[in-house]
Amino acid sequence: MNFLLSIAFVICWSSGFIGAGLGAGSASAVTILMWRFLPPAVILIAIAAVTRTSWRDLAVRDVARQALIGMLSQSGYLLTVYYAIQLGVSSGTTALIDGVQPLVAGALAGPLLGQYVSHKQWLGLCLGVSGVAIVTMADAAVGTGTAWWAYLIPFSGMFSLVAATFLESRSRARVAPAVSLTVHCTTSAVIFTALAVSAGAAKPPAELSFWAAITWLIALSTFGGYGLYWLILRRSGVTEVNTLMFLMAPVTAVWGALMLGEPFGPQTALGLAVGLAAVVIVHRGDISSTRVCARDTDAGAAARPAKCGARYP
C-alpha cells in the first residue's frame, strides 16, 4: 500500500508543475491560484458541514495552527512556483530547485523532531541531491533568456513548505487529513481571492485551456498530490516523504519534455536514475532501522531510545 501511495503521490505532485505551465499563458498566477482553490474549498466545506465527526474534538487553536500550516504549505509555496514559471522558469527547472527540500528537511529532522536518520538514509539523501544537481546542470545549459534572479524565487517557496512540514510534525493534536485539507484549501482560497480582487484579476478568462488547466490542478494536484503529501507524512514520517520529493524533478523533466516540449537528454536521464537509487536506499535504510528498533524493544533495551527515534504517528 505504501508503495502504491508513493507512486500516486509522485505523479500527482509532479502534475502541479505541469498544470502551472499549462495555465501560465492564459492568466496571471493569482487568477489561476484563486480558481484552483475556490471550488475545492466550497466542496470541502460542504462535506465538512455534513460529516462533522472529525471536527468535534478540535479546539480553535488547532484550527488556527492548521490555517498557518496551509498558508505556508499552499499559499507561500505555490505562489512562488507559479510566479517563477510565469517569469520564464520552466516547470522542470522549478521542480529541480525545489528538489533541495529533502536535504534541508533531512538535516533538520534530527535536531527539531528527535527523529532518527540512519546512515543509509543519509547516503540516500546525499545521492538524491547529486541526482538533482545532475539534472539541474543539464537544464541550466539550455539558454532561456530568463533573468537570473527568477531562479531564486522557488527557493523561498521550498523553505515555506519545509517550515509547514515541521510545524505539522511538532503539533501535538492529531488532525484528520480531511480536516487539514479543508482548512488549508479554505485558507488558500481566501488569500488568493483577496490577492486577485485587489489586483483586478479575479475574473477568469473564457479560454478552454484555462479551465482545462484548472480542472487538472484541482483533481490531480490539490486533491491528489497535496492530500497524499500529508497522508504519507503521517504514515511514514518526514524523511521518507521528503525523499520522494527527489523524484519530482526528474519526473517533471520527463513530463515537461513530453507535454511542454522542454529539453530532455542523457544527463537528465542519468539524474532520474540517481534519484530512483536514492529513494531505494532511503527506504531500505528505514526498514533496517525499524527491525533494529524491534529487536531492541524485544530485548528490553530501554536505555537506547534514541536508536529508534521519534516516529510521526
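Where is the kink in helix 1 centred? In this predicted model, the kink sits at Gly-16 and comes to about 25°. Helix 1 takes in residues 2-23, 22 residues in total. From its first C-alpha to its last, helix 1 reaches 32 Å, close to the 32 Å expected at 1.5 Å a residue.

Helix 3, which covers residues 60-86, has a kink too, this one of about 30° and centred on Met-71. What about its length?

Next up is the pairing of helix 2 (residues 29-50) with helix 9 (residues 208-236). The axes of these two helices come within 10 Å and cross at roughly 55°. Angles from 65 to 115 degrees would count as roughly perpendicular and those under 35 as roughly parallel, so helix 2 and helix 9 are oblique to each other. The crossing of helix 2 past helix 9 is right-handed.

On the helix 2 side, the contact is made by Thr-31, Ile-32, Trp-35, Arg-36, Phe-37, Pro-39, Pro-40 and Leu-44. Helix 9 answers with Phe-210, Trp-211, Ile-214, Leu-217, Ile-218, Ser-221, Thr-222 and Phe-223. Sorted by class, this contact between helix 2 and helix 9 has 12 nonpolar residues, alongside three polar and one charged.

Notes:
Residues are numbered from 1 along each chain as its sequence is written. This is a predicted model: local features need pLDDT of at least 70, side-chain atom pairs count only at pLDDT 80 or more; totals for chains, interfaces and linings use all residues. Side-chain values use heavy atoms; hydrogens and water are left out. Axes are lines fitted to C-alpha atoms, for helices over the stretch in contact, and angles run from 0 to 180 degrees between N-to-C directions. Helices (H or I, at least four residues) and strands (E, at least two) are DSSP runs, numbered from the N terminus. Angles under 35 degrees count as roughly parallel, over 145 as roughly antiparallel, 65 to 115 as roughly perpendicular and the rest as oblique. A crossing is left-handed if the near helix is turned anticlockwise from the far one by less than a right angle, and right-handed if clockwise. Contact means heavy atoms within 4.5 Å. Ala, Val, Leu, Ile, Met, Phe, Trp, Tyr, Cys and Pro count as nonpolar, Asp, Glu, Lys and Arg as charged, and the others, Gly among them, as polar. The expected span of a helix is 1.5 Å times one less than its number of residues. The bend at a residue is the angle between axes fitted to the seven residues ending there and the seven starting there.
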